[in-house]
Structures are given as C-alpha cells and as structure tokens.
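Subject: Structure for your files

Dear colleague,

Here is the structure I said I would pass on. My notes on its strands follow below it.

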Amino acid sequence: MSVFEIEVDGRTITAKFGQSVLEAALAAGVDMPHLCACTREGYQPIGTCRTCLVELDGDDELVPACRQSAAPGLKVNSDSVRARRTRRAVVELLASEMSKEATQRHPDGLFHRLVQRVEADASRFGHRPASADVDRKHPAITVDSDACIRCGKCRAACQDVQVNGVIALAGRGDGIHVAFDTGLPMGDSSCVSCGECAQVCPTGALSYSVLSTINAPPPIEHVGETVCPFCSVGCRVDLHVAEDRIVYAEGADGPANHGRLCVKGRFGFSYLRHPDRLTTPLIRRDDAPKVASHNLRGREVLDLFRPASWDEALDHAARGFRSLRESRGGDVLAVLGSAKGTNEAAYVLQKLARTGFGTNHVDHCTRLCASVPPLAEATGFSAVTIPIEQIAQANVALIVGSNPETNHPVAASYMKNAIRRGTKLILIDPYCQSMVRLATLHLQLRPGTDVALLSAMTRLVITEGLYDRQFVNERLEGFDELVQRVVPYTPDVAERICGVPAAMIAEAARMFANAPAAMTFWGMGASQHVHGADNIRATIAFAMVCGQVGRPGAGLHPLRGQNNVQGSCDAGLMPNYFPGYRSLKDTTQRNDFSNRWSAELPEEKGLTVVEIVDAIRCDRIKGLYVVGGNPAMANPDLAATREALARLDHLVVQDIFTTETTAFADVILPAAALAESAGTVTNTDRIIQVIEPALPPPGDAREDWAIVCGMASQLGLPWARMSLEATFNEMAAMVPMLNGFNWRWLKNERCARYPIKAKDPGQGIQPASALTTSHDSLFATDFPRGNRAQLAALDGNRTSELPDGRFPLTLVTGRLREHWHTGSMTRRAAILDALSPEALVHINPKDFERFDLASDRFIRVETRRGSVSVRPLSDRRIQEGVIWLPMSFFEAAANELTISKLDDYTRVPAYKFCAARVVDSR
Amino acid sequence: MHRKLERRKDFSGRPAGGDVAEIGLIDSALVRLGVSRDCLLEVMLDIRDKRGSVTEAGLLHLAGRLRLNVAEVYEVATSYPAVNYGSTESYRTEADSCGDLVCALLRDVTNSQSYARPGVCRGRCDRASRGDSGRVFDEFRAAGGYSIVEQLRQEPLLKDRILQDIGRGHAVGRAGNFFPVGRKWQSTIAASGKPVVIVNANEGELATFKDRYILESDPHGVLEAALVAALVIGANQIFVYLRDDYVHLHTVLRRAIDDVVASGLADGRQIDLRRSGGAYICGEETALIASLEGRPPRPRERPPYPTEHGYHNRPTLVHNVETFYRLRGIWGAAFEPTVPVTGLLAPDAALFSVSGRVRQPGPKLVHGLPTLAALIDEAGGICDGDELGGIVIGGAAGTIVSAELCHASLQDLLASGLRLGTGSAIVFNRNDDTGWIAARMAGFLARESCGQCSPCRVGTTKMARALSDGSLDNAALDDLSVAMSEASICGLGRSAGKFLARVIHTAPERQR
C-alpha cells in the first residue's frame, strides 16, 4: 500500500491513500479533537459536528479533517488561533444543546472531555430547558434525550454500520432530533438492542441502563477480553469487570467484528454470575432415584444432590466409567461434548473417550447443525471456503435457509453493508425474515422443498448454457449424473412443488450464474431436515456448476450456531473421525494416533448425538459423560430423551448450570464458562483466537479441559498432566489444517486464520495482521480431495412426517435473536430474558383467524410426541399451514414436539419439519 | 431486576389504524411514479394534496412498498414541512399573506390563524394579481423560440460554439454567487457518467419572487435553455424542481412541459416536473439533489461538487430559473416589447423583487441602477406619509442598508462589499425598527436551517433569540458569528454568520 507523508501541526506523519486527515493523524498518535467521527471500520465521516475543523496550507476555508482526504505534501494545522477559536465556539454551541440537568447527569464521556480539552465554557450560550424525562422503558438502553447534542453518531451506528435502520434524525432546524422508527419510545420500536448506539454515543443520551440507574455501578476494576460464546462469528468482547461481576460489555477490535456486537454479545453476559451457577461438585443422593418424568431445572435439581470435594467427585465419576468399561467394554460408554468450549477442551475430551473409555461414541452438538459434512464430501475440506467478510467482493449473495439477522447478527451487519454497496441478495427461505427488505429476490418456498428449487435453478443454468463449462470440465466430477438428475425439474415443475413463481426461479438462477463473483451461504433451515444433506448438496451443486468457488467473493459458507463448532470438529470431537478429520479405519492414521497417545484405539465409527440416546434406550449404552451439552432440552423428542437418560447406569454431567440433563446425573461437575477459560477457539471464518479468563470461575468451578484431565488422571492416563500449551501443540501437530501453528506464536498474534502458509520454516507463519482477503478464498486451483470436487448423488425425497388430517400443520422450530439454543445461558441473562421473556407460537393470520385464536389466550401445540402450552402470535411472515416455535424456552420446550428422524448422512434430526396441531385451551 | 417487556410486536400485517383510502392512493401514486425511493417526496406530497397530510399508517405502508426502513422514511417525512406528516390540519399553500417579514411590516399579523404555515414567506410580497397568463408554446415558437434546439439537434457541432459563447459572454449564475456558467458546463462534460440537468425553481429567499415572475411570464424560455444545456452537455434527463407553494405555476409548467414534449423537441430526453418539500434549504443544490433522490434535504460538504458527483453520483448541472432564462441571450434571443420579461436578456439588466413600503411592489427590471433609492421610484415611490428608513437588500442574510446609503452610488456600495444576492429589496420607513427587522431576518434563517450541522442549527437559533431579546453580549455574538461563518457546511449558515457580523458592526448602540 502506498504511503506518503503529510504535516500535521508541525509534525511529519505518514498517511495512506484513502485515509482522511483525521484517520491519519489519529493513527500516527496525533490526538486531533473530533466528535462525530468514528474511526472504527464501517463508519463514514458524518461531518456535522464541525469540531475537527483544521486549516490547510493554501486553502482559505477551514475544512473538517474527517472528510479531508490525506494527500502527499498536505500541511494541516489543527491548532491555529482561528481553528481553536472556531472549535471552541462550536463546542460551546453543542454544549448548549444539553439541558443543565442532563449535563450534571453525565459528568463524563467523550463530549465532556472535549469540552474540557478545548477549554470551552459549557454554559456560555445557556442550556436547553429540560423537556423530557429519562426513558427507561427499554430494558438495556436508557434514553436521555435532554443530553442529546444531535451529532448523528447513533444514526450512523444504526443505519450505516449495523444497518438495523431504527434510528432516524428526524425533523429539521432546531427541531432535528433522534427518533426511533416513527418517533416511538425506544422500548416500543423495532430496535434489536445491539447497543451499537450506546457504545458510540458521546454524551450519555443513549447509555447502557446498568450505568444510569440510581445505584451507580462500582468503578470498573479491569477490562478482560474474551470471545463471545453465542454464535460462530467469533466476536471479541471487552468485559468490564468490577466486584467480581460483569458490569457491561463492549465490542473489541476482533478480526471478525471490528468492535461490533449484537444483543447477546453485549447484554448476555450476566449469566456468568447468576445464582444458579454451579460452584461445587455434586454427587447424587442415595435417596434420590432417577425418574424419567423428571423435568427439572435450576434449584429443583440441587435437592437431589449433595456437595462433594473435587477428589471425591472425580473419583466417583471416573469409577463409574471404569467399572462399566471393565465389566462390559468401552462400547457401552459414550461422551457428549459441546461446541461452546475451547479447542483444547474438545481435544482432551475426545482423547479421553478414545484412550480412557475406549469408545468412538463421542459426539457433540455440531451434529445438530450438520451443515458442513456435505461440503466436506464435495471438497474434502470441513470448513468454509471463504470468510464472511468477502461478501464485500461478491456481486451476488445466495442465502439458503438461514436467518442471519437473528442468529448471526454481526455477520449479518457485514452482509448488509455489502448489500448497501450493491451486492444483490437472493434469499431462499420459507419465512419472510427481516433481511427480505434488502433482498433483490426472495424465493419463499414451501418448507422442505429446497432440493426441487435448487435443482430447477441448476437445470436452468445448464440448459441455458450459463454454467461455467471450464470449471465443470476441469474441477468437477459427477456432472453427467447431475444433468440427468435435474432433468425433471423445469421451472414450472419447481413452481408447483415449491410455490415460487417459475420466472423468479429463472431470474435468480441467471443472476447467480452471470455474477462475476457470487457467494453462497446456508444454515439450519437447509440442514435440519431428514434430507438436510441433500438440500445442501443441491446448493453446493448449483454453486459449483456456476463456477462460483475459489475466487475472491466467490465461495461456500455454511453459517453455524455455536462459537466453536469449527474448532470442536477440527479437534476430533466426532464419532467418525480422529482429530483433523483423519480416518479411524486407515491403519497408518490409527497407528499415528495410537503411538502418540500410547493407547489401543477403537476402530469402528461411533454413534452420533441422537443415536447415542436411542442406544441408551435399548441398553447398548450404559455410561455417559456430558460436557456442556443439554440433550434433555436440545435433542428432539424430549420425552423419549428423558426416558433414556433416566435409564443410564452412570451419568456424569459437567456444566455451568443445573440443566434439564443434570436432573438425571450421578455426578455433576461445576465448570468454568468460556469467559472464565483459557485456550483457543475457532470461528466460522477459520480464525483461531486465543482467549484468557476475563474473570475467575465462581466457587470451586474449574475449566473444562482441567476437569477432563482430572478425570484422565483418575483413570491413570499418561497424558493427564499435559499443559494447555502442550495440548495445543499436540493438536496442531495432529490436525493437518493446524500444521504450522504453535502456542507461543499464536498467543503473541492473538489470532490467525488457517491454513497458514509456512514461508519461514521455523515459525513459518504469516502474521495475523495479514489476514487479507485475497488469499482467503480457498480452492482456486484444486480441492483437498484432489483436483475435482464431487457432485454427490441425492434425491431429497425423504420425508419426516407430513401433515395429515389429525395433525394438519407443519411445525418449524428456530431461534430468537435474544436467546441461544436451550436458553440455559441467555434465559439467565436478565436483560435478554426481559427483552424476550416468552415463547410464542407464530401463526399465519389466516390460520390464526381460522382457528379463532386470541393473542392473550394460551393454546396447546401438539404433535404425536408431546404438547406445550403457549400463547399464539399472528404473523404474516409465516406461510399458511406452517407454525413456528422458538426452541429456547423450558416452559414450552419445542423439542417436546420435534421428531427424532435423522438425515441418513449427517444424522441431524428434522428440527425444521414435523406435523402438528393447535388446540385452543378455552 | 429488569421489567419484562409487555409489548408484543405486531406482525399480523393489519394496517394499524390505517386508512384504506390513503393506502390506495399511495399504491396508485407508486404505479404512476414508479416504485423507487426517488419518488418518495413526490408520493408524500401527492397524498398531502389529496388528504391534507400523511399519516403514520401511510408512512409504514410506503416504507414497506419501497422496502425502506421505517426510520428512513420518517426522516424524510419529517424533514420536509410540505409533507405535513402526522398533522391533523391540512396543509394550505394558497395564501398571499404569510406573516413573514414583509407581511409583518405592513400589517398586523398577530392573528396568524389564516396562514397554513405562519411566518413562512410565500414569495408573494407583491400581492400580485395572478391571471396574467404567460407566453404559451405556440406564441413562443412563433417568436423563434426553440429554433436553437432544432439547430442543435441537426448540427451537433453547434454545441462547441455555444460553449465558447457562454464563456466569452461571461454568463454567470444568478443565485447570488455569480459563478461562471461555462465552468459548470465544462465540468459536467469532463466528469464521467451520464449528466443530468436541473432547473432550480425552488425560489425561497425572503421576499424574493423574480423566478416566479419569469416562469409566470415566459416558461418556455426557461425550458428552452434547459434543453440547450442538456443537448450541449449530453444529458438525457431534465428535472424542473418547482417550489411547492407556487401552486399556480405547477399547472403552467405542466402544460409547458407537455407541449414541448408533444412537439418532439425534447425527443430522447426526459423532462420531469418535481415539487420541492416546502423548505428554503431545498433550493441549496446538494439538498435539492438529495430531495430528488428521496432523502432529507440536508446539504452535503463540497467537494465533490454536483457537477462531478450529483444526482445518483452523476454529473449534475443545476441553475436557477433566472440563470437559465438569461442564457437565451447567448444564442441570440433579444428583447421583445410584447413580452416585458425578455428585457432580462440584455446583459446589463437586473431583476429586483421590490417589496415593503412602496406603492407598487413587484418584480422590477432595471438597467444601470444608479442608487438603491432609484428602486423605490421603479416601484411607484414610497407609500404615502412614509419617509425612507432604508432597504434590506439580498434576503434573509442580506444587508440592512440605511436611507443615507440608499442614496449613495450603488457602484460604490458594491465596491465596498455590498452583495445584491438574489435581488430582493425590502423598503422600510423611518419608524420601522431595524433591530426588529434584523431579528425577523435571523428568525427566517433559524427556521430554514436544515438542522444538520451544529454551528448553523444552534447558531441561527441563538442568533434569532439574541437579536430579539439581547440575551448575548457582543463577545458572544462575535464568536457566534465566527462559528456560523467558519464552520457551517453550506451557504445558509455561513451567510448567517456574515449577516450577524454586519449587524454587530452596524449597531454599535447594542453595546451595553
């Protein structure tokens, strides 16, 4: 990048093309006064506060440094008499915008510091009269409009950066003001509570409620940095800690978020000090039998247990597994991990399963996402080919069955930034989600008909000759079979199956195929079906025949749910692979692990999440170690799951809370949360980030990897005393995509994207600062499986359970923006629970009327497996005949209803499709 | 702990309190104008015309149809007074009396009930009787009008000569800054992208009505010049952006545009008549462009200039009505005795809007004006019993010229820095309080500030208050003036600052 010199206030500094004078000055350490400018990524200069005015050599007028491009030889004076006088007067005028009372309410903040810095008299031009009460209606953000100086930063945050479009600068002249939607109170508006506005507000007009309550918060003692646990984007978060609790969180400048956060990442950390946190090991009381009908949580569970020391608890836990292994063999033992922990925890857990338990029945909740295996099948690589941020280089983005504004809000913000810059969005989703407003085309298909739709699109690009012939010839196998397979799917046939107009199907196909670069995303809406793998295969096939892989802005990106989905899989927390997706069967591979771990290793692939529960029911599995998972809430068909868990001879649950699953445990081990742990996590963009504890775990709770090592020690395993560093380095050696990494280097860099190219054989690593986009789109020339990607066979014809006379509706489950998975963390985060306190079943207005429902009257939603009681919400975004229920509420657990039918390949349950009915409880 | 939200968002799609008729009107306006953000203001004005105001339900519907965030549409709806958003009173544009400076000077306006928007100058300070119909297409054509357009279409090389003539004739803009027209044209030609031509007919300066007079008298003269500009710079899109309050002119211009389109003279070029949003700032060219793009009328920093990055980033040529009209002289149009406004084509002509305490207020076309006092003679002399107190020259941020200086040589005044601006001249008498006049002028500026940048938003408000109640000392007024003139984004705030500096300078008795 070309660099040149400019002169600022007599100092010569270097600047880059594209930088403003202000950016260059700040980057060079010249603390130039400014207010409405924000130098974070995504913020454009607003230029309305006029406090960064500077004199330029050779220019008569003062110019705002935030908008003035730096150019070679420029001479800038920010400290001339003229600039200082003007700036002070402007700041005095701005200060008069606040009422006297509001000025006193906010004695600190960016603006206040600016007033002091320019030696302005804040009262010189008087103050506005107090006119509005402080609005505390929103649970997370307090609006003190009398403190507002109308700088427009919050508007930029909401409209330009997060692109939520809630905040307006409405009115004109002296009456210009910050408004929400059509002038509603913030708490009544469509605000999604990302908190970006409060993070940038310079006066306190918008602030975190926790900071403006009557009981002033304690002074912040330290700021700890961690990675957000609430999705796979991997945002870095600054946790502001005082008196052993998180006071508030702000976005840190991480590689994936650049300071942005969503509602969960900003307001979701109070669970860390929730009174329900487990602080001591617990052993089940002898007089507390396991009852299958027990649907307990929280403190109810504690009555079944007695506190124990770590030694006793670990001994008890390990003894149960040892005796089962000795009496019946390792095959009766299983391990369920979690994608919420660190790579090191995942790695030692699978190692424990394989070397200590002698079983390959080790799996974790990534199974329930299941969006990557078809990608690995096609390319031989189990990670995204291209990071999210590359959507900025894509002309078209195709999103299949994903609702990123709800589930990956920060990723969605980058998508929306790109769309506003001209990227066209094609959305395939039965639900009229909020991103539809930005979509060029929304293909609102009937649930479960993705294969027909994508096949028709594939057929069209083939018949019209729009596909990438060269790519097909040189880089794909299975094209002829694909051509045969899609023959029946004319756009008209697809229209009949999917309910999407044929012309729109054709338009979407052409738009994607003709794009110079198109990026493909998919999510749980595609994968969580009995033919989920086929949905994804059809998506991949369409993208591949169009040649939209392997270039900047062209690639495949499955959007996953949990923060360490990528890392947990890489680390081998799977029944069918060793770490690094290495074969269980292949003797060389097995010997490699066997030698490294000094253990005989089981050869047959193990059972998956739902299969393990089924195996318990038929007494094939007798002992289970659950680390950070909650099958009694997350698995489909909960009644059957609870029955299985109650049957176990030995269940050890390691968690931060008493979950529904702990009610069936023999031993409960209290774990540290991610923010209390050290190690590494890997985000969806293949970026490995180092984390350190932002605060200590409560009570006697310990980090996951340490507990697992304690268990290993009880079982007498030789690796039980390996350090975190040694564990990481072993993993980096055994996992091919991590080759070249080592702990010390990574700890220094904080983060790095794999694969890395080893230039320098010793350290051999490109610096993390070189996480540039150009070479992050993988597979420009070949695939890990070879020269050609495989277009897998598929039919997409399996059904889980079709609606019928008795159960006429299709039930789809999903997530809300404020809650995560089973809700064990987010429901215990006070603000999130206040924002979204109740499960509502969403129903199309026509069905709502047809069933004569009322929004204030509870109804029962029933399937062949169970029923829950909820209030209905009339929602035109839902198709007729479909109902939608969030999964995170224990009061109305959606998985009481779901079906445990699995996809043949990915073994994911069909969370997104079963037959249901609603019964008015009137 | 935290109170749980009782609110449940409504996704049922039922318009909340929405009026079926309003929704229907919006839908049909979208059919007519096209479903695009560009038409946002025009659709809202359409609804206002038919229903008096735009409601929240209408706004939500419009946002949904245009797939915009509600907040974006709300921002637009509330930043244009003419949209009359959420008002229960209908919006009236038909009123000669307005209660702004000139009306307030001449009569009791304390009972402002009869004004739709009390205090907003309507540009009818002359209370001209309407009904003088201007020159229609056939008459204009018969007098040789549009023949330059025909020639240009036949001989494309002619455009080089026109460009040269414009440069040689030193044609300048008539919006107050006298910017060379030729440089603007050259700049749009040099910029990349398909150029756009905009006729800025949002005349909104205090007590100014010369553009109204030109359009009333000879609308085709303006369209001819706009077409020539389009042909010369290669634009295929022309907007005529007309002040919303000039209701009678909408019919005139609609017909004029229809006639010229029907004649085929505009073939290959689209001419759109669009209304402003009822704010003075809509006439600022970047705010004007924002308004055509369906955004709030808030000026933006220059550079880049509209001639390079204007309407949808295309090179955009904006002139006001008078500037376009006077260009006709460049290609040979001359004075025609039956059409008085053609007197403007003489290079030394000046068109003033004379109002206040004169017998015959109105547009006054003068040549070689010796003194400002001579304008009073043009306007039939000062009213009976009045003695000249002075003249406010140049509109709201103009100069209050004392009676003595009104008799001084205009040449000398101009040489010593007097700016005529858009040529508004408000005559007042000895008994009129110049302090009160200055406060009214400041009030106009405060009311018309877009509110975007802090020096202008806060500064004009503080200035208006201080000039009426003396609440600031001179040092504070000085700093206020500096902040506005040095730090404002656009000309409104900058000229407000200079105005304040003049007021402080010429009113030493204010010092306490």
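Which residues of β25(A) point one way, and which the other way? A:Gly623, A:Tyr625 and A:Val627 point to one side, while A:Leu624 and A:Val626 point to the other. Such a pattern has a plain background: in a regular strand, side chains alternate between the two faces of the sheet. Please keep in mind that this is a predicted model.

Strand β25 of chain A covers residues 623-627. The strand is mostly covered, with five of its five residues buried. Residues pointing either way from β25(A) are buried.

Two pairings of β25(A) can be described. Strand β15 of chain A (residues 333-337) runs parallel to β25(A) and is joined to it by four bridges. In this pairing, A:Ala334 stands opposite A:Leu624. Strand β26 of chain A (residues 650-655) also pairs with β25(A) in the parallel sense, over five bridges. There, A:Val626 has A:Val653 as its bridge partner.

Chain B has an open sheet of four strands. Its order is β3-β2-β1-β4, and the pairing is parallel. At the edges are β3 (270-275) and β4 (316-320) of chain B, each of which pairs on one side only. From one strand to the next, the twist averages 20°. Within this sheet, β1 (residues 196-201) and β2 (residues 237-242) of chain B run parallel and are joined by six bridges. One of the bridge partners is B:Gln237 in β2(B), which pairs with B:Val196.

Regards

Methods
Residues are numbered from 1 along each chain as its sequence is written. Chains are lettered from A and ligands numbered from 1 in the order in which they are written. This is a predicted model: local features need pLDDT of at least 70, side-chain atom pairs count only at pLDDT 80 or more; totals for chains, interfaces and linings use all residues. Two strands pair if DSSP finds at least two bridges between them. Axes are lines fitted to C-alpha atoms, for helices over the stretch in contact, and angles run from 0 to 180 degrees between N-to-C directions. A residue is buried if 20 or more other C-beta atoms lie within 10 Å of its own, exposed if 12 or fewer, and partly exposed in between; C-beta atoms are placed from the backbone.
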